[in-house]
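Hi,

Here is the structure I promised to pass on. Have a look at it first, and then read my notes below.

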Amino acid sequence: MKIYVPLDSAAKALGADEVAAAIAAEAEARGLEIELIRNGTRGMVWLEPLVEVEDGGERLAYGPLTPAEVPALLDRTLDTLGRVEDMPFFARQTRLTFARCGLTDPLSLADYQAHGGLSGLRRALGMTAEAVVDEVKTSGLRGRGGAGFPTGIKWDTVRMAHASQKYIVCNADEGDSGTFADRMIIEGDPFCLIEGMIIAGLGTGATKGYVYLRSEYPVAIELLRQAIDIARADGVLGSSVLGSGRSFDMEVRVGAGAYVCGEETSLLNSLEGKRGVVRAKPPLPALEGFLGRPTVVNNVISLATVPVIFEKGAQHYADFGLGRSKGTIPVQIAGNVKYGGLFETAFGMPLGELVNDVAGGTASGRPVKAVQIGGPLGAYFATADFDTPFGYEEFDGQGGLIGHAGLVVFDDSADMLHMARFAMEFCAVESCGKCTPCRLGAVRGVETLDRIAAGDTGAVPLLTDLCEVMKDGSLCALGGFTPYPVLSALQRFPEEFGTVKEAAE
Amino acid sequence: MPRDIPQPEVDEIQSLIDAQLHLEGPLLPILHALQDAYGIVPVAAVPLIAAALNISRAEVHGVISFYHDFRSLPAGRHVVKICRAEACQAMGGAALADHALARLGVEWHGTTENGAVTLEPVYCLGLCACGPAAMVDGKLLGRVDADRLDRIIGEIEA
Ligand SMILES: Cc1cc2nc3c(=O)[nH]c(=O)nc-3n(C[C@H](O)[C@H](O)[C@H](O)COP(=O)(O)O)c2cc1C
Ligand code: FES
């Protein structure tokens, strides 16, 4: 009998370690032979700790499980949720990037390969660098870190740059509230990220990789380090990747609690051991990145999607999606929702379907009021915008952005003026200080919103002017996009700013 | 109760620095290693790091002060981090944070007078589907409410 208890941070935060300990103790007391596997999460966070028991060819789910229920679990008298694959939240998904997450033992390379792992890499090893990059271009994959830049084009720039050393830098800074896809895949399927980074190396001629992982993710840091050691010991990483004679190695670097270090140039400065201030572009990191050398900077999900593209073929991936948003997107459903977690689906699902059907509305049972999409720099959407299909261009058309695809749902008790103020406050705390519109603008923004809160509606035009200056004058999207949550809150909920809708528009 | 500031030996600091020097961009790994060892980045380390990396002391200091994680004064015996970010706010995180501030009688980053508990804000722990989230001495907690927080603080305060 195999018993799976997730080691995912969210599962741990809801008691998975205590459940795992109870299972081990109870099995021992009964003299029962079990294999206890700490897997990743299946992504249904409201059911964590979600435990699966595999016995007689059947794998059944139980949850949320408490230590007190463990005897009944082992008696097999506990009510089961059935097979995870049959549960509506799961059955509706298209799992490409997250196909293995929660299914396999994250640290078993054998399990990884039994579920399609490394077949993409084997295929890429037989291709020229140019063909590798072309495959990524054909897939239509766009950066999942926020900007949505075509990954293949970025790789091509690095491929064509001449240098004795090039780098693949994985951006695992995941600072956006409402997002956890990077953490989930690193904890649940770390070899997938490793494989993606190696393929990126093959496509660009880079032989060294770094994963810049935020310090707020201790579980992911530990797991990825272990996975890298295992991959190296088994010849997946090192001087001859899978015996090919091609070399690639990588290491984890831990951040130090600065949101702005998710911005790629700031991240590179931090990796070099400098203050995490933003660099002016050009030069592009692709040409002058880490230590001034050509560098791919990609988000975790961008890189972890590469193996399945090579395993199943670029066209297979590109056949999913909507318009120029090809493939699938792991939507992270968070905040005040009934069913929170990770939902991977082809681009194109309307926002309202995600919030009302998939997420089941609010946890509080009150009406949905607003949804912030794309992290602290993302716009607030109202229910009137719910027919917007999930796609880069479609969200842009609504004055928003997908960002890293986190949805934060608020019920009708949300105070939108307060949320706008928080956006400015966060920008002030996290500004790297290099440019004035962001450093000072955010502080003035907090003050201006306080004036509005005190009843001074005359300050509203001042706020919109300030936002224009921040948008146009900031060096990076921290200052440049903080106006998104602020102005969207003002435009969609003008009554909370003491102004009527007409005045705000 | 004043907290003792660790005063490690120069040799010991030096060996922690030296162990990272083979890395490309060793400064953050050095600072993490020192903080892991002593709970702070000791003032005495600054000139040693500057010499080892051939940069100015001001530059070293500039880097240390840029990042929220690095401390020059030790934290309390226990550290409570509460998520202040949006997804947790949507689940009542702001009220939980206010409760913690009042319960401990400190400001953010402050330590209780008996040196037992330091309260830190954190902007997202990646637990946004089970907020409000907190971390107590490295242990992650989801769906935290005021009662549960009081119980936990009660246990570590003693
Ligand atoms: C303030 C700020 C924070 C950012 N944080 C992240 C982050 O945590 N993770 C990430 O992948 N990209 C982040 N980005 C976007 C990166 O600058 C960059 O576009 C991305 O890493 C490129 O990878 P991709 O093309 O695979 O998306 C951030 C940008 C800004 C302006
Ligand atoms: S917003 Fe609190 S854990 Fe993400």
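Let me start with chain B, whose secondary structure amounts to seven helices and four strands. Keep in mind throughout that this is a predicted model. Reading along the sequence, you get the pattern α-α-α-α-β-α-α-β-β-β-α for chain B. Along the principal axes, its C-alpha atoms fill a box of roughly 50 × 35 × 25 Å.

Next, the interface. On the chain B side 38 residues are in contact with chain A, and on the chain A side the number is 66. Together the two chains bury about 3700 Å², with carbon and sulfur atoms giving 57% of that area. Which residues of chain B lose the most area to chain A? They are B:E24, B:F66 and B:E86, and together they account for 20% of what that side buries.

If you want to find the surface by element, α2 (27–38), α4 (57–66), α5 (86–89) and β4 (139–141) of chain B each give two or more residues to the side that touches chain A. By class, that side of chain B divides into 23 nonpolar, eight polar and seven charged residues.

Now for the ligand. Ligand 1 is surrounded by 20 residues, and the closest are A:G145, A:N171, A:N298, A:N299 and A:S302. The shell is made up of five nonpolar, nine polar and six charged residues. Two elements of chain A, β8 (295–299) and α20 (477–481), supply at least two shell residues each. The largest share comes from β8(A), with three residues.

A few distances to oxygen atoms of ligand 1 may be handy when you zoom in. A polar side-chain atom of A:S302 lies 2.6 Å from one. From the backbone, an N or O atom of A:R144 is 3.3 Å from a ligand oxygen, and a polar backbone atom of A:G175 is 3.4 Å from one. How much of ligand 1 does the protein bury? Taken alone the ligand exposes 610 Å², and 92% of that is buried by the protein.

Over all chains the structure holds 40 salt bridges. One of them joins A:R38 to A:D17, with the closest N and O atoms 2.8 Å apart. That pair links distant parts of the chain, 21 residues apart: A:R38 sits in the loop between β2 (35–37) and β3 (51–55) of chain A, and A:D17 in helix α2 (residues 16–30).

Finally, the backbone. Most peptide bonds are trans, and most residues other than glycine have a negative phi. Against that background, A:E48 and A:P49 are joined by a cis peptide bond, with omega about -5 degrees. A:P49 lies in the loop between β2 and β3 of chain A. Chain B has a cis bond between B:G131 and B:P132, again with omega about -5 degrees, and B:P132 is in the loop between β2 (117–122) and β3 (134–136) of chain B. A:A405 is not a glycine, yet its phi is positive at about 70 degrees; look for A:A405 in the loop between α16 (392–397) and β15 (406–411) of chain A.

Cheers

Key:
Residues are numbered from 1 along each chain as its sequence is written. Chains are lettered from A and ligands numbered from 1 in the order in which they are written. This is a predicted model: local features need pLDDT of at least 70, side-chain atom pairs count only at pLDDT 80 or more; totals for chains, interfaces and linings use all residues. Side-chain values use heavy atoms; hydrogens and water are left out. Contact means heavy atoms within 4.5 Å. Buried area is the accessible area (1.4 Å probe) that two parts lose on being put together, summed over both. Ala, Val, Leu, Ile, Met, Phe, Trp, Tyr, Cys and Pro count as nonpolar, Asp, Glu, Lys and Arg as charged, and the others, Gly among them, as polar. A residue is near a molecule or strand if one of its heavy atoms lies within 4 Å of it. A polar contact is a pair of N or O atoms within 3.5 Å; within protein, one must be able to donate a hydrogen and the other to accept it, and residues adjacent in sequence count only if both atoms are side-chain atoms. Accessible areas come from the Shrake-Rupley method with a 1.4 Å probe; for residues, only the protein chains shown count as cover. A salt bridge is a side-chain nitrogen of Lys or Arg within 4 Å of a carboxyl oxygen of Asp or Glu.
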